[in-house]
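Please keep the sequence and the coordinates at hand while reading.

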Amino acid sequence: MNIEINENINSYYSFNEIRDFFQKFSKLSGFSIKKIGTSENGKPIELISYKKTANNTNSILIFGAEDASEAIFSQTIFWLLSELSKNDSQIHELNLDWHFISCINPDGYIKNEGWLKHAGDLKAFLENSWEDIHSRMLFWKTEERIEHEALKKAILISKPNLIYNLHDESHFPADGYKFIFSSPINLELLNPHLNRIKEFMDISSEELVITDSYGNDPRFSVSSAFEVNKDTFAFSNESCGYKLTDSNSPPIFINTSDILYKMLKDYQKLQVDNFNDELESSLFHTNLLIKSIESNEEFNTKMLSITGYGLEYLLKLGFNDANKIKDVFLNHIESNFKNKYSPIPVWKQVFTQLDFLFTILKIRNI
């Protein structure tokens with residue numbers, strides 16, 4: 001499949017923008033759209049399907065934003081829908097029905113929208129990023145959520161042979177490009193794909209993941225696909241938004257005498273004293289960070305960033321002490337990452353996810 005992407009793309013679509021282009025494509029020949037559920041806050045979750053003929057024997061379900069701060073899916077899905085709308089696109093050579101979920105986690109995704117037009121900006125990510133607490137993450141069915149019903153409905157409608165779960169670290173420096181499968185695969189078959197992306201993605205053998213449990217395990221949100229089709233081949237792909245420029249960077253450890261630890265403790269108290277639902281996520285992650293320092297564990301700077309939503313919330317309420325905390329957080333983030341990583345353009349992130357997809361389809365003879 002020839003993948004041509006506009007190299008000027010360097011941002012992500014908002015929730016309303018995704019809904020708008022879903023409606024736009026749904027009016028074209030071959031497309032149909034269906035509301036499959038709502039979020040806990042009542043936001044619609046939609047499924048757009050493309051079926052050109054009645055002879056297709058394979059079906060794929062594609063979705064993203066299970067982790068609320070992972071936004072690259074919006075550009076990847078837009079590219080695929082655009083290709084499907086072109087009668088002369090090579091994508092039609094695939095014997096495949098296509099199904100796309102608009103956004104499986106609207107409430108969390110909307111909380112992140114303040115940084116979506118500022119790809120590669122670590123300050124914007126600190127100020128606007130948010131993630132579910134672990135027991136509420138849609139990836140794991142550790143706590144049933146209404147959004148899971150929408151995913152189950154999408155699986156029943158699409159009866160997928162493949163599920164492509166679009167994960168990413170497009171917004172923050174990560175440890176490396178990775179992927180997950182539901183069943184064993186010959187990794188050598190992925191070498192052409194890895195060779196095409198190695199110039200701009202950090203490829204690390206320690207980070208590449210292969211497993212025979214992804215999806216099958218009842219704790220996963222996609223486990224219901226295997227009730228529909230026991231041969232379903234579920235896989236996810238986690239692209240990166242930054243490339244390491246300093247390969248000698250050591251792991252980060254923070255001790256209890258560091259100013260960052262003091263600010264985390266001050267932040268913890270500020271959140272506890274003024275707690276409400278808007279601070280649940282940031283307090284949860286703040287507690288984990290404090291515990292990791294006190295246990296002398298490697299420090300998770302991405303987790304520090306996703307506490308920033310709470311800081312901005314406190315600032316809006318007039319708690320100016322949050323500014324001092326924010327300055328220390330930003331100084332840590334920039335001093336540890338700004339000169340060690342370079343942002344990967346959004347269009348290259350999209351290319352990575354698409355190239356992985358078409359590589360898997362080729363391996364599966366679709």
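The text below treats helix packing, then a few individual residues, then backbone angles.

The model is predicted, so that local features are reported at pLDDT of at least 70 and side-chain atom pairs at pLDDT 80 or more, whereas totals for chains, interfaces and linings use all residues. Residues are numbered from 1 along each chain as its sequence is written, and side-chain values rest on heavy atoms, with hydrogens and water left out.

## Helix packing

Helices (DSSP runs of H or I, at least four residues) and strands (runs of E, at least two) are numbered from the N terminus. The axes of helix 1 (residues 15-26) and helix 2 (residues 73-84) approach to within 11 Å and cross at roughly 10 degrees, which makes helix 1 roughly parallel to helix 2. Here axes are lines fitted to C-alpha atoms, for helices over the stretch in contact, with angles running from 0 to 180 degrees between N-to-C directions; angles under 35 degrees count as roughly parallel, over 145 as roughly antiparallel, 65 to 115 as roughly perpendicular and the rest as oblique. Helix 1 contributes I18, F21, F22 and F25 to the contact, and helix 2 contributes F73, S74, I77, F78, L81 and S82, where contact means heavy atoms within 4.5 Å. These residues divide into eight nonpolar, two polar and no charged, with Ala, Val, Leu, Ile, Met, Phe, Trp, Tyr, Cys and Pro taken as nonpolar, Asp, Glu, Lys and Arg as charged, and the others, Gly among them, as polar.

Buried means under 20% relative accessible area, exposed over 50% and partly exposed in between, with a 1.4 Å probe and protein chains only.

In helix 9 the buried residues are S281, S282, L283, H285, T286, L289, I290, S292 and I293, and what covers them includes helix 8 (259-273), helix 10 (301-305) and helix 11 (308-316).

## Individual residues

Which residues does S221 touch, beyond those up to four places away in sequence? They are E66, L138, F139, K141, H148 and L151. S221 sits in the loop between helix 6 (191-197) and helix 7 (225-228), and its C-alpha atom is 7.8 Å from that of L151, 70 residues apart along the chain. The side chain of S221 makes a polar contact with the side chain of E66 at 2.4 Å; a polar contact is a pair of N or O atoms within 3.5 Å, and within protein one must be able to donate a hydrogen and the other to accept it, while residues adjacent in sequence count only if both atoms are side-chain atoms.

E46, found in strand 2 (residues 44-50), has a polar contact of 3.3 Å between its side chain and that of R19. Among the other residues that E46 touches are F22, Q23, I33 and F100.

S239 belongs to strand 7 (residues 233-240), and its contacts include I72, H167, D168, Y177, M201 and Q349. E40, in the loop between strand 1 (31-38) and strand 2, is in contact with D107, R136, R145, I146 and E147, leaving aside neighbours within four places in sequence.

Relative accessibility places these residues as follows.

| Residue | Relative accessibility | Class |
|---|---|---|
| S221 | 6% | buried |
| E46 | 6% | buried |
| S239 | 0% | buried |
| E40 | 41% | partly exposed |

## Positive phi angles

Most residues other than glycine have a negative phi. A65, however, has a positive phi of about 70 degrees; this residue lies in the loop between strand 3 (59-64) and helix 2 and is buried at 1% relative accessibility. K159 has a phi near 40 degrees and lies in the loop between helix 5 (146-158) and strand 5 (162-169), where K159 is exposed at 53%. N296, which follows helix 9, also has a positive phi, near 60 degrees.
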